[in-house]
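Biologist: Please show me the model, and then let us go through some local features one at a time.

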Amino acid sequence: MLRRWGQIAACLWVILAAPAAMAQTTLRMVAHSDLKVLDPIWTTAFITRNHGYLVYDTLFAKDAQLRIQPQMVDKRTVSPDKLTWTFTLRDGLEWHDGQPVTAEDCVASIKRWGARDALGQQLMAVTADVKPIDAKTFTIVLKEPFGLLLDALGKPSSTVPFMMPKRVAETDPFKQISDYTGSGPFIFKKEEWKPGEKIVYAKNTKYKPRPEPPSMLAGGKVAKVDRIEWLAIGDPMTAVNALVQGEIDMIEVPIPDHFPLLKADKNIALFGWNQLGSQIIMRLNHLHPPFNNVKARQAAMLAIAQEDFLRAQVGDPEIYKVCNAPLVCGSPFEKSYGDLLIKPNLEKARELLKESGYDGTPIVMLHQTDLQSSNQLPPVGKQALERAGFKVDLQAMDWQTVVARRARKEAPDKGGWNVFYTTTVTVDADNPAGNSFTSGGCDKAWFGWPCDPEMEKLRQAFAKETDPERQKAVALAVSDRVMEQAVYLVLGQYKAFGAYRKDRLEGWIPAPVPILWNISKK
């Protein structure tokens with residue numbers, strides 16, 4: 001009899017537990033890359049930024065009208081002289097380990113971010129002190145007014161000022177963190193992480209969203225699924241087949257060649273999640289020959305035909321745009337430069353290359369074979385530069401290896417590099433203060449490390465200028481400087497589309513980042 005009662009009790013437990021188990025919802029997606037670097041302050045790689053938005057939170061965020069809105073902050077005040085900014089955190093903020101988020105955590109996080117980000121560096125240059133006042137309040141005291149302070153703290157993309165616990169944020173900003181405790185809507189499940197296979201996140205049941213409706217990166221971040229799995233499927237066709245067969249729910253960025261196949265399936269929808277678009281660039285290493293010589297960089301610029309790159313990578317002219325404006329087409333600071341980067345001038349390119357003293361040493365060009373947003377660019381670039389007289393060593397590797405290698409300052413033949421390719425969302429590139437590529441800050445500059453005091457003077461002047469017309473004049477001077485010095489080479493713009501099972505999912509919010517909160521499964 002006791003045995004039978006035990007069996008009955010066990011059956012009842014299974015029956016009662018079944019609804020809870022069935023209620024567990026998992027969102028399975030294929031991201032644009034595998035994730036191997038987990039520190040969104042150490043790297044600007046978008047896959048790490050996307051990871052950051054799930055795990056961490058921000059003090060401020062941009063809404064769909066591109067206005068800065070409070071996120072972790074409840075209220076802020078600024079002194080009449082615009083030098084002392086005071087911020088109070090909202091109630092209910094808690095780290096994933098159960099500890100409360102404090103002002104000390106935010107102070108340490110701002111300082112670490114400010115050491116790496118281009119706009120953060122400008123903010124820190126005019127900052128006298130960042131200090132906690134009490135458990136929930138801290139101040140930023142400036143040496144002089146800085147009109148972009150809130151824009152800096154609400155920066156939407158790389159490098160995002162994510163808040164971390166003080167013990168984590170005190171990590172050397174040039175070394176990667178090893179503790180991934182955040183306070184965001186999802187918790188990173190390190191024990192389930194299998195690099196090259198999948199990354200897992202669980203809903204943070206203690207997360208307290210803001211009460212406002214979601215709007216781009218602002219408003220309430222409501223986690224509507226219990227679990228997210230990023231699956232590393234490197235072959236685009238395999239990912240499409242998995243979506244068609246219902247094995248996954250969404251693909252962050254399918255390649256345009258597969259759009260017709262996806263459109264033909266009544267259960268699948270294409271979604272232009274990044275309506276503002278992205279910019280493609282070729283990054284040159286200013287530390288080592290030949291691109292430590294401006295004439296060699298100019299020679300590379302004169303070898304480029306943007307449409308060759310766009311046709312190879314994006315394919316569909318409906319979603320790409322030839323544009324040689326460094327601060328992007330469609331922005332208030334757009335400025336075009338005739339045929340530069342549009343129509344090559346190989347005769348002039350070869351002349352400049354000879355004047356640069358180029359000795360024929362092959363340049364090391366990194367080729368990310370697995371990144372669908374840029375994996376077709378390096379072979380096109382190799383052909384373009386070779387036509388101008390460069391010798392090119394095209395080295396194939398996965399994107400995460402590129403992410404690690406581009407941070408190395410060694411000579412190209414010692415594990416460094418000369419050229420790599422990347423994309424950025426236009427909201428990262430449409431003004432000199434937030435555009436990391438324009439930095440001439442030497443060792444503090446973005447990978448490639450241009451050292452240009454004149455550029456830094458212009459960028460600082462832009463950040464401090466309050467008159468719109470004078471600010472625009474400074475921005476255009478920055479744009480001119482980018483082109484004169486060939487700081488980096490703009491390869492055009494395009495719009496990113498994702499694909500998802502519309503018979504299963506709803507609630508995908510347009511933003512310059514693939515947002516996974518607010519998405520629910522039907």
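Biologist: With the side chain of which residue does the side chain of Thr137 make a polar contact?
Modeller: This is a predicted model, in which local features need pLDDT of at least 70 and side-chain atom pairs count only at pLDDT 80 or more, while totals for chains, interfaces and linings use all residues. Residues are numbered from 1 along each chain as its sequence is written, and side-chain values use heavy atoms, with hydrogens and water left out. A polar contact is a pair of N or O atoms within 3.5 Å, of which, within protein, one must be able to donate a hydrogen and the other to accept it, and residues adjacent in sequence count only if both atoms are side-chain atoms. At 3.5 Å, the partner of the Thr137 side chain is the side chain of Thr88.

Biologist: Is Thr137 buried or exposed?
Modeller: Buried means under 20% relative accessible area, exposed means over 50%, and partly exposed lies in between, with a 1.4 Å probe and protein chains only. Leaving aside neighbours within four places in sequence, Thr137 is in contact (heavy atoms within 4.5 Å) with residues including Phe87, Ala103 and Pro132. Because its relative accessible area is 10%, Thr137 counts as buried.

Biologist: Over how many bridges do S7 and S8 pair?
Modeller: S7 and S8 form a hairpin with two residues between them. Within this pair, Lys131 stands opposite Thr139, and Asp129 has Val141 as its bridge partner. The antiparallel pairing of S7 with S8 extends over bridges numbering six.

Biologist: What angle do helices H9 and H16 make where they pack?
Modeller: Axes are lines fitted to C-alpha atoms, for helices over the stretch in contact, and angles run from 0 to 180 degrees between N-to-C directions. Angles under 35 degrees count as roughly parallel, over 145 as roughly antiparallel, 65 to 115 as roughly perpendicular and the rest as oblique. The two axes lie 8 Å apart, at an angle of about 95°, which means that H9 is roughly perpendicular to H16.

Biologist: How many charged residues does the contact of H9 with H16 have?
Modeller: H9 contributes Val294, Arg297, Gln298 and Met301, and H16 contributes Met483, Glu484 and Gln485. Ala, Val, Leu, Ile, Met, Phe, Trp, Tyr, Cys and Pro count as nonpolar, Asp, Glu, Lys and Arg as charged, and the others, Gly among them, as polar. By these classes the contact has three nonpolar and two polar residues, and the number of charged residues is two.

Biologist: Which residue caps the N-terminal end of H9?
Modeller: H9 covers residues 294–302, and its buried residues include Ala296, Ala299 and Leu302. At the N-terminal end, a side-chain oxygen lies 2.8 Å from the backbone nitrogen of Lys295, and the residue that supplies this oxygen is Asn293.

Biologist: How many of the six residues of strand S16 are buried?
Modeller: Ile363, Met365 and His367 point one way from S16, while Val364, Leu366 and Gln368 point the other way, and all are buried. S16 also pairs with strand S17 (residues 392–397) in the parallel sense over six bridges, and His367 has Ala396 as its bridge partner there. S16 (residues 363–368) is mostly covered, and its buried residues number six.

Biologist: What is the phi of Ala486?
Modeller: Most residues other than glycine have a negative phi, and most peptide bonds are trans. Ala486 lies in the loop between H16 and S19, and counts as buried because its relative accessible area is 0%. Although Ala486 is not a glycine, its phi is positive, at about 50°.

Biologist: Which residue is joined to Pro290 by a cis peptide bond?
Modeller: Pro290 has its place in the loop between S14 and H9. With omega at about 0°, the cis bond joins Pro290 to Pro289.

Definitions and conventions: Helix = DSSP H or I, 4+ residues; strand = E, 2+ residues; numbered from the N terminus. Pairing = 2+ DSSP bridges.
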